[in-house]
Structures are given as structure tokens and as C-alpha cells.
Amino acid sequence: MNFKKIAAGIMICLMSSALFGCELVSVNKQRDNEQVVITVGETNYTKEVISGMTESVLSMYGIKDAKASTYDEYRMEMAKSFAEQKAFNYYAIQNGYKDRLTEEDNKEIDEAFEEAKKYYNEDIYNEVKKEQGYTDEEGAPEFDEGAKSKVERETANKQKDYLMTLGVSNLDDYKNVLIDNKAGELYSDSLKNSVNISDEEVKNHYDSMVNKQKSSYESNSASYVDDTEEGSSATVVYVPSGFRRVKHILIKIDEEASSKIKALESEINALEDGEEKTNKQSELDILKKDAYGKIQQKANEALNQAKSGEDFDQLISKYGEDEGAKTNTEGYLMHASVTDKYVENFQTAGMALEKVGDISELVETEYGYHIMLYASDVQGGQIAFDKVKDKVKEEALEEKRTKAVSDKTTEILDNYKADGTVKLYLDRLKTASVPGKN
């Protein structure tokens, strides 16, 4: 074997590829992408499909320019998850779940497929055309044959990328994917519906949640606030110590003035000490004096009524301009260690109130004037089981159901690997080149 000739050939190829591209590199890359990495039944899935889905997920999470070793790790995890899903769906089909699809299921599949077809055949082309500036707007470049050809080439590239995100190499295969996924979904639902949970299991889950939340919330009070905010799906069973509820009446300054004040403050903070900064500060002082002067009378009126003992909730309804304060009837959660939830003056004033019932003076923030009431202390400790039993049961049951599906998925894949129904060649994913870099 003439190693000198081979070495010379490689060098020529590498040098020429830098200028013109090298057919050998292109062919080898194509062969590399066509390598089968997963086989389920009679169906093969290539390295290109797994790579395409990995790219899509990384892009979704804003991960760009991953180094090759890191990219391989992502791609390996994608391949494992993909194999599990395909094996699970295959098992469902072999056990008759494809035959259980209802008319409604088939309608849903048809609609999803038609939507994908429309995006593939029409929307991608229109998106590319718009991205390249070919619109009906005045001054847009002419959409001549050269422009059309350019758009069509880019569309073809994006169509290929789109197919990879769907896990297929051609669009027609996607309908079968939808059918298989629906069969797998029906089997998954069947497994979940077969799972029951006892009262003892619910109580044990509650005790476990208490211990976990006590450790988490006492060391990081902000996580308790996050879990109790509107929109959170967390089931809270423990309250850390040191929290209070604070109500407030907000008298807002004019929104335009507020925007100008924020902009000026940002500008001042970016300046070094000197005449320009001094002048900007004077401008800010005048602007703030005018803005807060316009609401001073109303704010003083509300403060006097609060200090005289009038019902604070009624004063919030009468004067308050914070919609959150009107719906959050217990007041805002505050804690000495949670300093990033509210603007500084609001946080400081709220925690400075000494005892329940105390009312602040006017507190100035970028929003206007606040009148704050120390409404209550929050009782620390675990929440009684009976009060949260239903939510805990729902969470425990869902966790048990999810585990049942996960365990069955692992069992199916292990059995299929043992009998040869599923074959994995994951080593072929290693030492990968990152798409778009080579």
C-alpha cells in the first residue's frame, strides 16, 4: 500500500476543498448521514434524521455553536429518546392499538397532516421570500427569475430541515408517524388509566413533599413566592417562616412622565460624574417634582383617611391604581431575604413596618406614591393534610402514572433489544461534525 500517495491525495483534497469543495468529502459526508443508527421492526432511522431533530431542539432552546463533543452528547440523548418512543409505538401497534383509532382520532391526524403539508408546500416558500425582501411593499427588489431561483434553493434547504424536525426523510411518511404516535398515545392512556393509588400512598407523598419543600423553601424563600404566584401549578404543603402580607394603595404618576423618568435615570446611571450628569440630574429632579406634585393632593387625601382608621380595602377600591392589589385580597407576600420581587423602595418600606396594622407614610417609587399596610404575618409550618389532600392525591397519581409508562417503555425497549426487534448503533453518532460547521 502506497501511504505517500494516500497522504498526498488527502492533502490535495483538503486544500482543494477549501477553494472548490471536494467530491470525496461530500460523498463521505453523505454516506455518514445515511448510516442507520436505529432499527425498529423493518424501519430504519438514519444519522441524518437524528441530527436534524437534535438541531431543531437545540435551536428551540437557543443553543448555538455547540462544540462537537457536546453536540454528540445531545444527539445521543435524542437518539435514545427517539428509540424509546418508536419502540413504544411499535409495541402499541403490535397489540392492536392502531385498530382502536376512532373517527375523531383519524380526523385529528388528517388535520395535522394537512397543516404540515401546507407549511411544507406553501408557508416555507412564502417565509423565505419575505426574509429575502421580496414583498409587495414599495421599494422592494424585483422578483425576477434569478430571485425566484434563489428563493427556491433556500426553500428546498428549509423544507429538508423541516422534515428532519418531524423525524422523516419525506413528507408522505409523516402521516404514518402521526398514526403511530396516536396508537402510542392510546396505549399510554390505557396504562395510566389502569393505575390506582391508595390513601396511604397519598399520605406518604404528602409527607415527602413536606420534607422537600421545608428544605427548599427555608433555604430559598424566593422559591416559595414563585410557587404561590398566580399561574403556578405547584402544590404548596409547607410555608417557610418570616413571611408577611402587605397591602398597598398606589397613586400612579402619569405613564408618559414615568417613562421619561425611567429613561433619564438609566441615562444618568450610565454617565460619569461631571457637568453633563449634573445637568441631567437637575432635569430629572424637575421632571419628578412636576409628576409627583400632580398626585400629591390625592395621595395625601388617601393617606389621611388610612391613618384615621378607615377600611383599607375600601380605600384600595376607591384610590388604588394597581389592579393586582385589588384582586390580591390578602396582600403581597414579602420576606426580608426576597429582594428581587419588588422595586427597592417598596420592598424596604414594606419590611420596615414593625407590627401588624402599621401604615407607612407616602412611599415614592417609579410608579408613583404607595401607602402600605402591614396586613398579617403568614403562619409558618406545614399545611394540614386535609386542606391539600385532593391536590396532593392528583399530583401523586399523575406521578405514579407517569412512572408506570416510563417503566413499561424501558421494559419494551429492553425486550425488543434482546430479541432483535430493535437494533441500536449509537456508536455511529460519536465524533460527529456539527451541522453547519463543516
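V168 is buried, with a relative accessible area of 5%; buried means under 20% relative accessible area, exposed over 50% and partly exposed in between, using a 1.4 Å probe and protein chains only. This residue sits in the loop between α6 and α7. The model is predicted, so local features need pLDDT of at least 70 and side-chain atom pairs count only at pLDDT 80 or more, while totals for chains, interfaces and linings use all residues. Residues are numbered from 1 along each chain as its sequence is written, and side-chain values use heavy atoms, with hydrogens and water left out. Helices (H or I, at least four residues) and strands (E, at least two) are DSSP runs, numbered from the N terminus.

**Around V168**

- Leaving aside residues up to four places away in sequence, V168 touches V49, L163, D173, Y174 and V177; contact means heavy atoms within 4.5 Å.
- V168 and F312 are 144 residues apart along the chain, and their C-alpha atoms are separated by 62 Å.

**Helix α5**

- Helix α5 covers residues 103–131, which makes 29 residues.
- From first C-alpha to last, α5 reaches 40 Å, close to the 42 Å expected at 1.5 Å a residue; the expected span of a helix is 1.5 Å times one less than its number of residues.
- Look for a kink of about 40° in α5, centred on Y119; the bend at a residue is the angle between axes fitted to the seven residues ending there and the seven starting there.
- D105, I109, F113, A116, Y120, I124 and V128 are buried in α5, and their cover includes α6 (145–166) and α7 (172–193).
- After α5 comes G133, with a positive phi near 90°.

**Helix α15**

- Helix α15 (residues 385–419) has 35 residues, which should span 51 Å at 1.5 Å a residue; its end C-alpha atoms are 48 Å apart, which agrees.
- α15 also has a kink of about 40°, centred on K391.
- Among the buried residues of α15 are F385, V388, V392, A396 and L397.
- Packing against the buried residues of α15 are α4 (68–94), α7, α8 (199–219) and β9 (422–424).
- Just after α15 you can find G420, with a positive phi of about 85°.

**How helix α8 meets its partners**

- Two packed helices are described by the angle between their axes and the distance between the axes.
- The axes of α8 and α15 come within 9 Å and cross at roughly 100°; axes are lines fitted to C-alpha atoms, for helices over the stretch in contact, and angles run from 0 to 180 degrees between N-to-C directions.
- α8 and α15 are therefore roughly perpendicular to each other; angles under 35 degrees count as roughly parallel, over 145 as roughly antiparallel, 65 to 115 as roughly perpendicular and the rest as oblique.
- Residues making this contact include Y206 and M209 of α8 and V388, V392 and A396 of α15.
- α8 also meets helix α9 (residues 221–228): their axes come within 4 Å and cross at roughly 115°.
- S216, Y217 and S219 of α8 make that contact with S221, S223, Y224 and D227 of α9.

**Strand β1 and its neighbours**

- Strand β1 (residues 36–40) is mostly covered, with four of its five residues buried.
- β1 runs antiparallel to strand β2 (residues 43–46), and four bridges join them; two strands pair if DSSP finds at least two bridges between them.
- V36 has T46 as its bridge partner in β2.
- Two residues lie between β1 and β2 in their hairpin, and G41 in the turn has a positive phi of about 65°.
- Three bridges join β1 to β9, again antiparallel, and I38 has L424 as its bridge partner in β9.

- Nine bridges connect strand β4 (residues 244–252) with strand β7 (residues 368–377), and I249 has I371 as its bridge partner in β7.
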